[in-house]
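Hi,

Here is the structure I promised to pass on. Have a look at it first, and then read on for what turned up.

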Amino acid sequence: QSPAEVGYRIHLADIGTRPDKYTIEKDFGKFGKILETWVAENPPCFAFVVFKEKEDAEDALDEMNGATMFGQRIRVSWAKPRTKGGRGGGEVRGYVPSRPSYGGGGGGGANDMRCYNC
């Protein structure tokens, strides 16, 4: 099993075009043990962090949603469950769809590279 299958996965959005794994792990690691961190490269505006404990993921989500990282306000939400080869049933750890997520709003401007919603 991969860390994402045994931990609690959160999604980071709007993290800019130059995010780095070290900074994400430093800022999110204060909430608890991180099992895995994955940073997108193309487009480079989102990442996933997998926590060992649900409470740690919830604390990170609550405190970091709307925080400033990499010079902009980030959005943090529960990651959607991964699917393996089609539709499957069963419970997926780390996905809590009842938690509200930051709706964002947004400024705009020539340097406002808006990422697609995952």
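This is a predicted model: local features need pLDDT of at least 70, side-chain atom pairs count only at pLDDT 80 or more; totals for chains, interfaces and linings use all residues.

Now the overall layout. The protein chain has 3 helices and 6 strands, and along the sequence they follow the pattern α-β-α-β-β-α-β-β-β. Of its 118 residues, 38% count as buried. If you take the contacts between residues at least 6 apart in sequence, 67% of them join residues at least 24 apart. The chain exposes about 7,300 Å², with carbon and sulfur atoms supplying 45% of that.

Next, the sheet. It is an open one, made by 4 strands in the order β2-β3-β1-β6, with antiparallel pairing. β2 and β6 stand at the edges with a single partner strand each, so one side of each has no neighbour in the sheet. From one strand to the next, the twist averages 20 degrees.

α3 lies across β1, β3 and β6 and runs at about 150 degrees to β6.

Back to α3 for a moment. Its buried residues are Asp-56, Ala-57, Ala-60, Leu-61 and Met-64. Looking down the axis of α3, you would see these buried residues fall within an arc of 135 degrees, so they line one face of the helix. Just after α3 comes Gly-66, with a positive phi of about 90 degrees.

What about the inside? The largest nonpolar core has 21 residues, and Ile-10, Leu-12, Ile-24, Phe-28, Phe-51 and Val-76 are those with the most contacts inside it. At least two residues of this core come from each of β1 (8-13), α2 (21-29), β2 (34-39), β3 (46-51), α3 (54-64) and β6 (75-78). α3 gives the most, with 4 residues. Another core, of 5 residues, lies apart from that one, and among its members are Ala-40, Cys-45, Phe-46 and Ala-79.

Leaving aside residues up to four places away in sequence, Leu-12 touches Ile-24, Phe-28, Cys-45, Phe-46, Ala-47, Val-49, Arg-75 and Val-76.

As background, most residues other than glycine have a negative phi, and most peptide bonds are trans. Here, a cis peptide bond joins Asn-42 and Pro-43, with omega about 0 degrees; Pro-43 lies in the loop between β2 and β3. Asp-14, in the loop between β1 and α2, has a positive phi of about 60 degrees although it is not a glycine. Phe-70 is not a glycine either, yet has a positive phi of about 55 degrees; look for Phe-70 in the loop between β4 and β5 (72-73).

Are those two buried or partly exposed? Asp-14 is buried, at a relative accessible area of 5%, whereas Phe-70 counts as partly exposed, at 27%.

Cheers

Methods
Residues are numbered from 1 along each chain as its sequence is written. Side-chain values use heavy atoms; hydrogens and water are left out. A nonpolar core is a set of buried Ala, Val, Leu, Ile, Met, Phe, Trp, Tyr and Cys residues joined through side-chain atoms within 4.5 Å. Buried means under 20% relative accessible area, exposed over 50%, partly exposed in between (1.4 Å probe, protein chains only). Contact means heavy atoms within 4.5 Å. Two strands pair if DSSP finds at least two bridges between them. Axes are lines fitted to C-alpha atoms, for helices over the stretch in contact, and angles run from 0 to 180 degrees between N-to-C directions. The arc is that of the directions from the helix axis to the C-beta atoms. Accessible areas come from the Shrake-Rupley method with a 1.4 Å probe; for residues, only the protein chains shown count as cover.
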